[in-house]
Amino acid sequence: MPTSPPLFYQVHFYLFGLLAIASALAFVTRKSPVSAALWLVSVMFNLAALYVMMGAHFVGIIQVLVYAGAIMVVFLFVVMLLNLGHPNELSDIRGKWGRLAAGGIGLALLAQVMVLARTQFMPSLQPPTNPVFGGATDRGAIGTIAEPLFNEHLLAFELTSILLLAAIVGAVAIGRRRSAQ
Amino acid sequence: MIPEALALSAVLFTIGTIGVLTRRNAIVIFMCVELMLNAVNLTFVALSNLYGVTGQVFVVFVMTVAAAEAAVGLAIIIAIFRHGQSVNLKNINLLKG
C-alpha cells in the first residue's frame with residue numbers, strides 16, 4: 001500500500017480481526033452444537049465488518065443476510081430438530097438481572113438508532129469513496145458487482161440458478177421420509 | 001491492510017481445519033467447512049482491492065455454492081440421523097472394512 005491507512009481504520013481492522021479469531025477459537029472448542037453455531041455467527045458478523053472496511057459493501061451485506069441470516073439458521077434448525085444440544089449447557093436467562101441487562105442494552109441500541117437517524121455527520125466522518133473503484137460513487141455498491149456479474153460471468157450466473165434448483169430438489173428427495181410411500 | 005487480511009484468512013482457515021480434524025459431531029464439522037469457505041472469501045475480498053472487482057463476484061458465487069451445499073448436506077445428515085439415531089462420526093462406520 002502506498003500510504004498507511006489512518007489509525008482509526010487500523011484500530012478497528014485489528015479489533016474486528018481479533019474478535020473474529022477469538023470467536024473462531026470459541027467456535028471449535030464449545031461442546032454444545034448450539035453455542036458453536038452462535039459463535040460461528042459472531043465470526044461471520046466480524047468478517048462482514050471487515051468486508052465493509054475493505055470497500056466490499058455489497059459482499060458485507062450479503063454476508064450478514066445469507067450467511068449469518070439464512071445458512072446458520074438452517075444449521076441451528078437442524079441441530080434443534082435432531083435435539084443435539086446438551087440440555088445442561090442451554091441455560092435460559094430467566095433471572096431479574098438478566099432481563100434488566102437485556103432491556104438496558106436494547107434501549108441503548110434503540111437510542112443509538114434514533115440519534116443516528118437525526119444526525120448530520122461531519123465531513124470527516126463521511127464514508128470514504130473507494131480509490132480502486134473510482135466510478136463506484138455514481139453506480140453505488142451494487143452496480144460495481146452487477147456489471148461484471150451480468151456481462152463477463154453471465155453463463156456462470158445462469159448455471160448457479162440450475163445448481164440451486166438441483167440442490168433444492170436433492171435436499172427434498174434425500175430428506176423425505178421413506179415410510180411415506 | 002491486505003497482508004493483515006491474508007494472515008487473518010490463513011488463521012481462520014487453520015482453525016476450521018483443526019475443527020474438521022478434531023470434532024466428532026457431523027454438523028459441527030459441516031460448520032467448520034463453512035468457516036473455511038469464509039476464510040477463502042476473505043482472501044478474495046482482500047485481493048479484489050488489488051486486482052479488480054472479479055474477486056467480489058467470486059465471493060457471491062462461493063456463497064451460492066455454500067448455500068446449496070448446506071441444504072444438501074443437512075438433508076444427508078437428517079437421513080443419517082433417521083438411520084442410526086446419531087450424528088457422531090464414531091457411529092457412522094457402515095463402509096468400514
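Helices here are DSSP runs of H or I, at least four residues, numbered from the N terminus. With that in hand, look just past α3(B), where Gln85(B) has a positive phi of about 60°. Do keep in mind that this is a predicted model.

Now step back into α3(B) itself. Its 31 residues should span 45 Å at 1.5 Å a residue, and the end C-alpha atoms, 44 Å apart, agree with that.

What does α3(B) pack against within its own chain? One partner is α2(B): the two axes come within 8 Å and cross at roughly 175°. Angles over 145 degrees count as roughly antiparallel, and α2(B) and α3(B) are therefore roughly antiparallel to each other. On the α2(B) side, the contact includes Phe30(B), Leu37(B), Phe44(B) and Tyr51(B); from α3(B) come, among them, Phe58(B), Val62(B), Ala66(B) and Ile77(B). By class, the residues of this contact are 14 nonpolar, six polar and one charged.

Finally, turn to the neighbouring chain. Here 47 residues of chain B are in contact with 51 residues of chain A. On the chain B side, α1 (2–22), α2 (26–51) and α3 (54–84) each contribute at least two residues, with the largest share, 22 residues, coming from α3(B). That side of chain B has 37 nonpolar, eight polar and two charged residues.

Definitions and conventions:
Residues numbered from 1 in each chain as written. Chains lettered and ligands numbered in written order. Predicted model: local features only at pLDDT ≥ 70, side-chain atom pairs only at ≥ 80, totals over all residues. Contact = placed C-beta atoms within 7 Å. Nonpolar A, V, L, I, M, F, W, Y, C, P; charged D, E, K, R; others polar. Axes fitted to C-alpha atoms, helices over the stretch in contact; angles between N-to-C directions. Parallel < 35°, antiparallel > 145°, perpendicular 65-115°, else oblique. Expected span 1.5 Å × (residues − 1).
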